[in-house]
Amino acid sequence: MSPSVAETGGEVPGAVVNNASPVTSQNGTNGEESALDVGIVPNPKVEGPWTVEKVLDTIPTGKPTEDSESPLGYFHLLERLKTTKREGWRRFGIKRGESISDHMYRMSLISMYAPPSLASKLDLHKCMKMCLIHDMAESLVGDITPVDGVDKPEKSRREASTMDYITKGLLGKVDGGKVGEDIRAIWQEYEDSKTLESTYVHDIDKLELLLQMVEYEKRAKGKLDLGEFAYVKTRIVLPEVKVWAEELMKEREDFWAGQAHIHGDEGVQGGVTPEKLSMQNAYYADGPKPTEK
């Protein structure tokens, strides 16, 4: 059983402040060491209207090769998913938290365990692929969160432009473009949110966030309240995934052991500001709609 807040003590550990030594490089002329922080890619910043080309110009390793019969340009672009951090956690001082790839990989593994009542209705192979594809556009767009001031239509425009670039510009001539077309179609299915598979993956997306929220809080030994993220529990649609979410929230309550903490799934009454709640509602407005009790 995990310890509660009352049973833990000490300073906030590495989830918040990483004490590991930085990567260093030996300078060949004077022997001095310099830090090389090559393992993190920040969200790209561009001047004026956002375009794929503007972001490509910021890539330190150079633009991927386009219109090629080789997929290597695509393979290189995927590295950005490994090194781009999920921005929501960074606002809370978690500087070396999960990457976009970390998030999608656990989602894919979770999706394999659909309960029998749901698994019989799903194309689980497609679900696993959808988990690994759904945030692929963030390789160039970055991780846009509800509080970043980018409205839903603009976020969708950036992501669709990026997916067109990836699947046509980088993969259009690879094996006749078939894999690129499949990737683009699965991504669009997720965005349209009309199939059972897309609803399931949207729910897994939220469950994975909730898991990470609880894990970071535990690692911080009660000195980090991430409860505003519990809002996403209210957006879970399928009963089978709701059961997992309820079990996880019970685990969280046991951890906090009566100590004051935010309940994001209760909105303003749970300690979320009206402004933050409004941003969350707008961000998730186009996703699958949970049924009212």
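Predicted model: local features only at pLDDT ≥ 70, side-chain atom pairs only at ≥ 80, totals over all residues.

Modeller: Let us start with contact, which means heavy atoms within 4.5 Å. Leaving aside neighbours within four places in sequence, Leu210 is in contact with Phe229, Ala230, Val232, Lys233, Ile236, Ala245, Leu248 and Met249. Residues are numbered from 1 along each chain as its sequence is written.

Biologist: Which residues touch the most other members of the largest nonpolar core?

Modeller: In soluble globular proteins, nonpolar side chains tend to be buried together. A nonpolar core is a set of buried Ala, Val, Leu, Ile, Met, Phe, Trp, Tyr and Cys residues joined through side-chain atoms within 4.5 Å, and buried means under 20% relative accessible area with a 1.4 Å probe, protein chains only. Here the largest core has 62 residues, and Tyr200, Leu210 and Met213 touch the most other members. Helix H10 (residues 196–219) gives this core its largest share, nine residues; a helix is a DSSP run of H or I with at least four residues, numbered from the N terminus.

Biologist: What percentage of the chain counts as buried?

Modeller: Of its 293 residues, 46% count as buried.

Biologist: How many of the contacts between residues at least 6 apart join residues at least 24 apart?

Modeller: The share is 72% for this chain.

Notes. Heavy atoms only, no water. Buried < 20%, exposed > 50% of the residue type's maximum accessible area, 1.4 Å probe, protein only. Helix = DSSP H or I, 4+ residues; strand = E, 2+ residues; numbered from the N terminus.
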